[in-house]
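Biologist: I would like to learn how to read packing and charge pairing from a set of coordinates. Could we go through one case step by step?

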Amino acid sequence: MLTSKMTVLCVDDEPLILNALKALLRLRYHVITTTDPFEALDILKTGKVAVIISDQRMPEMLGTELLSQAKILSPRTTRILLTGFSDLSAIISTVNDSEVYRFLTKPWSNQEVLEIVADAVNVSKAVATVPTKVPLKTYAQPQTPSYVIYKSSLTDQQGFDIHAELPEHTHALLADTNEAVIALLQQYPVKLIIVH
C-alpha cells in the first residue's frame, strides 16, 4: 500500500525560486507553490500542510507576518523562513512571535534544504500525534534563558555579530559542524537553529 506524501507549501514572490524548490522537493513531498501570501493562508485553512516555507521579503506581506498567521491558522504546520543573510538581524527578534522552526538562507545548498524539510516534516508528524489542550489559566512565567544555535562554516561574517542581534534572555551557541550542533542540542534546550 502506498502512503500519501506529506504536503509542503512554498511561498515566494519569485516564480523561479518556487520552481527550484518544487523541482527539489517534488519526489519526496506533495508540493504546493504560490506567489500570493493570502492564497497561502487560504490553503492553510483548507488542507493539511506539514511544512510551510516562506520568503521574508515579499511585496504584499513579510514572511514573518505570514508565518505568525500560519501559526494561528495551522499550529501543527512547521514553519521555515527563507531569507537573505543580510535580513537575519532584522528578523531574529520575531522568532518568538512566529515560532519559526528553521531559517534557510539564499543561496541554499540542495542537501541542506532536503535535510531541513525532512526534519520539519518529522516535527509536524510528532506534533500531530499530541492532543491539543487549552490551558485553563495562564500565569506569568519567570524569564528563563532561550538558546539559539548559529551554525556557520564561514570564517568572515562581514562584521555580523549574532550576539548583538538577539533579544534579551536569548543566548547564541556557535557551531561549525553538524556534530557540534548535535552536541549543543544534547546540552541546551535550543529553540532555534540558524544555518548559514
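Modeller: Start with one side chain. In this predicted model, a polar atom of the Asp12 side chain lies 2.8 Å from the backbone nitrogen of Glu14. Asp12 sits in the loop between S1 and helix H1 (15–25).

Biologist: Is Asp12 buried or exposed?

Modeller: Asp12 counts as buried because its relative accessibility is 0%, and the cut-off for buried is under 20%. Beyond its neighbours within four places in sequence, Asp12 has contacts that include Thr34, Asp55, Met58 and Lys106.

Biologist: How should I read a charged residue among those contacts?

Modeller: Side chains of opposite charge can pair when their charged atoms come close. Here Lys106 forms a salt bridge with Asp12, with 3.7 Å between the closest N and O atoms. Lys106 belongs to strand S5 (residues 102–106) and Asp12 to the loop between S1 and H1, so the two are 94 residues apart.

Biologist: Which other residue meets Lys106 in a salt bridge?

Modeller: Asp55 does, at 3.1 Å, N to O. That pair joins strand S3 to strand S5 across 51 residues. Asp55 counts as buried at 4% relative accessibility, whereas Lys106 counts as partly exposed at 25%.

Biologist: How many salt bridges does a search of the whole structure find?

Modeller: Four. One of them is between Asp119 and Arg102, whose closest N and O atoms are 4.0 Å apart. Asp119 lies in helix H6 (residues 110–128) and Arg102 in strand S5, so this pair ties together parts 17 residues apart in sequence. Arg102 counts as buried at 9% relative accessibility; Asp119, at 34%, counts as partly exposed.

Biologist: Now helices. How do I find the face that packs inward?

Modeller: An α-helix has 3.6 residues a turn, so residues three or four places apart point the same way. In helix H2 (residues 37–46), the buried residues are Pro37, Ala40, Leu41, Ile43 and Leu44. Viewed down the axis of H2, they fall within an arc of 160 degrees, so they line one face of the helix. Lys45 and Thr46, on the other side of H2, are exposed.

Biologist: What do the buried residues of H2 pack against?

Modeller: Strand S1 (7–11), strand S2 (30–34), strand S3 (51–55) and helix H3 (63–73). At the N-terminal end, H2 is capped by Asp36, which has a side-chain oxygen 2.9 Å from the backbone nitrogen of Phe38.

Notes: Residues numbered from 1 in each chain as written. Predicted model: local features only at pLDDT ≥ 70, side-chain atom pairs only at ≥ 80, totals over all residues. Heavy atoms only, no water. Buried < 20%, exposed > 50% of the residue type's maximum accessible area, 1.4 Å probe, protein only. Helix = DSSP H or I, 4+ residues; strand = E, 2+ residues; numbered from the N terminus. Arc of directions from axis to C-beta. Contact = heavy atoms within 4.5 Å. Polar contact = N/O pair within 3.5 Å; in protein donor to acceptor, adjacent residues only side chain to side chain. Salt bridge = Lys/Arg side-chain N within 4 Å of Asp/Glu carboxyl O.
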